[in-house]
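Subject: Structure for you to look at

Hello,

Here is the structure I said I would pass on. Please open it first, then read the notes below it.

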Amino acid sequence: MNRIVVTDSTLSELGQLQSPMELCSHDGQTLGYVVPAATRQKALYDWARKEFTDEEIRRAKSEPGGKTTEEVLRELRP
């Protein structure tokens, strides 16, 4: 994902960014949409919760084996 650092002027126009916002060019063409980070994170967590039942989560947690995050990251490093 590309990252753009907005100027203080643009930041003041965006305000507190409490809800999704449409970004347009001077001629009115839609350039894209901005979703506040908290809104996006909530949507992702809501989606993830719907993907697995409580029973599936309990069963996965009780399975033997597995690796810690640190172990996986260590194996991924060159």
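In the largest pocket, the largest share of the lining, 4 residues, comes from helix 1. Before the rest, two remarks on the source. This is a predicted model, in which local features need pLDDT of at least 70 and side-chain atom pairs count only at pLDDT 80 or more, while totals for chains, interfaces and linings use all residues. Residues are numbered from 1 along each chain as its sequence is written, and side-chain values use heavy atoms, with hydrogens and water left out.

The pocket

A pocket here is an open set of points on a 1 Å grid over the protein atoms alone, where a 1.4 Å probe fits and protein lies on both sides within 12 Å along at least five of seven lines; lining residues have an atom within 4 Å of a point. The volume is the space filled by probe spheres set on the points, which are joined across faces, edges and corners. For the largest pocket this volume is about 770 Å³. Its lining has 19 residues, and I4, V6, L14, L23 and V34 lie nearest the centre. Helix 1 (8-14), strand 1 (21-24) and strand 2 (30-34) are the elements that give two or more residues to this lining. Helices (H or I, at least four residues) and strands (E, at least two) are DSSP runs, numbered from the N terminus. By residue type, the lining has 12 nonpolar, 4 polar and 3 charged residues. Nonpolar covers Ala, Val, Leu, Ile, Met, Phe, Trp, Tyr, Cys and Pro; charged covers Asp, Glu, Lys and Arg; the others, Gly among them, are polar.

The strands

Strand 1 and strand 2 run antiparallel and are joined by 4 bridges; two strands pair if DSSP finds at least two bridges between them. E22 has Y33 in strand 2 as its bridge partner. The hairpin of these strands has 5 residues between them, and there G28 takes a positive phi near 90 degrees.

Salt bridges

A salt bridge is a side-chain nitrogen of Lys or Arg within 4 Å of a carboxyl oxygen of Asp or Glu. The count by this rule is 5.

In helix 2 (residues 37-51), R49 and D46 are 3 residues apart, about one turn of the helix. Their side chains meet in a salt bridge at 3.3 Å, N to O. R49 counts as exposed because its relative accessibility is 56%, and D46 is partly exposed because its relative accessible area is 27%. The cut-offs are under 20% for buried, over 50% for exposed and in between for partly exposed (1.4 Å probe, protein chains only).

Helix 4 holds both E70 and R74, 4 residues apart, about one turn of the helix. A salt bridge joins their side chains (3.5 Å, N to O). E70 is exposed because its relative accessibility is 55%, whereas R74, at 48%, is partly exposed. Elsewhere, salt bridges that share partners join K42, D46 and R49 into one network.

Where is E75? E75 is in helix 4 (residues 69-76). Its relative accessibility is 53%, so E75 counts as exposed; K67 is exposed too. E75 forms a salt bridge with K67, with the closest N and O atoms 2.9 Å apart. The C-alpha atoms of E75 and V6, 69 residues apart along the chain, are separated by 37 Å.

Regards
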